[in-house]
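Please read them with the structure open.

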Amino acid sequence: MNDKQKEQVKTVLYNILSLIVVAVLWTLFSAWQQSPFFPPPADIWKAFVGLATQGDIEGISLARHIWASLIRIFAGFAAACALGIPLGLAMGLWPRMYNRTRAVLEPIRFIPPIAWIPMAIVLLVGFSRYAFLIWLGAFFPIFITTLLSVTRVNPVHVNVAKVFGASRSYIIRKIVIPSVLPDIATGMRVGLGIAWMCIVAAEMIGGEMIGVGRLILKYAELIRMGEIIVGMLVIGIIGFLMNEIFIVVEKRVFRWRSEVSID
Amino acid sequence: MDSPLLDVSMSKSFGKIDVLRDIRFRVRPNEFLVVVGPTGCGKTTLGNILSGIDKPTSGHVRIMGEDVNPHIHNISYVLQEPSCIPWYTMMQDVTMGLEIRGVGRAEAVSRGSEVIKLVGLEGYENYYPWQISGGMKQRVAIARAYATSPDLLIMDEPFGHLDAQTRYLMQIEIMRIWEQDRKTVVFITNNIEEAVYLASRILVLTKLPATIKKEYVVDIPRPRDLTDERFLEVRAEITQQCEIVE
């Protein structure tokens with residue numbers, strides 16, 4: 001085993017240790033509090049098993065909740081990518097497009113998705129409400145990172161191509177796009193995180209009784225912390241796993257980079 | 001005198017700042033012209049204008065009688081900054097100019113191998129820039145410039161970022177390559193010793209706004225010895241010129 005592998009094993013062990021420390025602290029805290037608001041990890045585990053095997057108060061299993069949320073997130077996230085990446089590229093390449101619409105785009109960016117809820121309820125129905133709110137959350141980080149990245153393309157690389165008489169299309173395909181791809185991936189990763197953050201808000205208004213966010217709300221009304229915490233952890237863990245998968249893919253795709261940020 | 005390959009007569013200003021003032025010179029085919037000037041005197045601007053990236057404010061830059069245009073002329077430019085394309089392997093990088101000019105892949109690779117060998121980097125064809133040293137990267141940039149067999153090769157302080165040792169070796173290497181094919185070169189530097197070592201002719205620039213202060217024809221036989229009496233004489237003379245400039 002070389003030093004690098006040793007370091008990796010250490011990293012994994014320390015992460016497990018951190019988890020154990022948090023679980024122990026949580027156990028001690030809940031034992032000290034003796035409050036239904038701080039159920040011990042054992043109770044949370046029981047709530048998890050209950051949700052996974054018997055389902056919630058309406059008999060909807062945890063897996064179905066997760067699946068419903070995942071589909072909504074992917075729909076909203078895919079729409080955000082499909083719009084944010086081309087628009088960011090176009091506006092980065094033709095900054096006038098952005099400069100002349102800035103007064104429209106920028107204020108929208110600062111309206112939090114939650115503030116859109118009433119509009120979404122009035123204007124949209126069913127699945128589109130979820131997709132819209134998640135799209136709102138994911139779109140701007142993807143759009144803005146792509147846009148900024150295009151303006152930061154190293155002019156030296158562009159000049160190298162220009163001196164050989166490269167066409168604009170060559171410069172876009174071979175210089176600009178490869179240069180911005182890693183940033184687009186980062187934007188997508190941030191966007192995906194925000195998409196998960198929007199899911200609870202989206203499922204508050206969705207009407208349907210399914211989804212991890214809805215699950216949390218259901219048990220919030222009953223003040224049953226065990227199930228609420230299960231819902232929270234599910235969102236956290238799935239988001240974490242997706243991010244990890246994203247990082248692995250990034251490292252593969254961007255082999256030419258000596259390092260990939262892991263924020 | 002042969003008809004000039006490059007005919008320059010121009011000025012350049014950015015807004016109110018005059019950078020290059022009335023720069024006039026001609027370069028004959030097969031000449032190794034070195035332009036020396038102090039830091040910040042607009043040397044890079046000169047390189048950018050000669051290569052057609054930037055335009056002069058007034059006057060002209062003509063190659064074989066026509067205004068410089070990368071779409072028509074076969075120019076190569078080695079930039080001062082590290083210029084390897086991070087997502088290109090060495091072979092892709094070196095053959096970039098050939099790819100842009102529409103040369104077939106097989107032919108481009110065979111020419112690429114030639115120039116990679118020329119700069120002594122064979123065996124590294126599939127390496128990415130982050131895997132090789134600064135000196136190697138600069139050699140990749142030089143190989144890339146040679147790959148298209150340019151009519152005019154412009155180099156802007158190509159060794160500026162290298163350590164003294166590598167720099168010296170690169171100077172020897174560039175001379176060896178030049179003696180083989182006698183490409184027309186315009187080489188920009190702030191290093192007088194480098195200038196005297198390489199040049200068939202030297203133009204000394206003043207500080208901003210840069211004008212041509214003096215011209216020297218260097219007729220010391222090659223390969224030149226840095227400690228040779230005649231070499232030191234020329235070097236001292238130019239150094240003196242530069243001091244007056246300051």
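1. A helix crossing is called left-handed if the near helix is turned anticlockwise from the far one by less than a right angle, and right-handed if clockwise. The model under review is predicted. In chain B, the crossing of α4(B) and α5(B) is right-handed.

2. The geometry of this pair comes next. Helix α4 (residues 105-118) of chain B packs on helix α5 (residues 134-147) of chain B at about 135°. Their axes are 9 Å apart. The angle therefore makes α4(B) oblique to α5(B).

3. Which residues meet? From α4(B) come Arg111(B), Gly112(B), Val115(B), Ile116(B) and Leu118(B). They face Ala143(B), Tyr146(B) and Ala147(B) in α5(B). By class, this contact has 6 nonpolar, 1 polar and 1 charged residues.

4. On the domains: chain B is split into domain 1 (1-73 + 151-246) and domain 2 (82-150). Their C-alpha centres lie 24 Å apart. Domain 1 of chain B gives 12 residues to the contact, and domain 2 of chain B gives 10.

5. On the domain 1 side of that contact in chain B, β7 (152-156) and α6 (164-181) are the elements that give two or more residues. α6(B) gives the most, with 4 residues. The residues of this side divide into 7 nonpolar, 2 polar and 3 charged.

6. Helix α10 (residues 212-221) of chain A is mostly covered, with 7 of its 10 residues buried. Among them are Leu215(A), Ile216(A) and Tyr219(A), but also Arg214(A) and Lys218(A). The buried residues pack against α3 (62-93), α9 (168-205) and α11 (225-253) of chain A.

7. α10(A) is followed by Ile223(A), whose phi is positive, near 50°.

Notes. Residues are numbered from 1 along each chain as its sequence is written. Chains are lettered from A and ligands numbered from 1 in the order in which they are written. This is a predicted model: local features need pLDDT of at least 70, side-chain atom pairs count only at pLDDT 80 or more; totals for chains, interfaces and linings use all residues. Axes are lines fitted to C-alpha atoms, for helices over the stretch in contact, and angles run from 0 to 180 degrees between N-to-C directions. Angles under 35 degrees count as roughly parallel, over 145 as roughly antiparallel, 65 to 115 as roughly perpendicular and the rest as oblique. Two residues are in contact if their C-beta atoms, placed from the backbone, lie within 7 Å. Ala, Val, Leu, Ile, Met, Phe, Trp, Tyr, Cys and Pro count as nonpolar, Asp, Glu, Lys and Arg as charged, and the others, Gly among them, as polar. A residue is buried if 20 or more other C-beta atoms lie within 10 Å of its own, exposed if 12 or fewer, and partly exposed in between; C-beta atoms are placed from the backbone. Domain bounds come from an automatic or database domain assignment.
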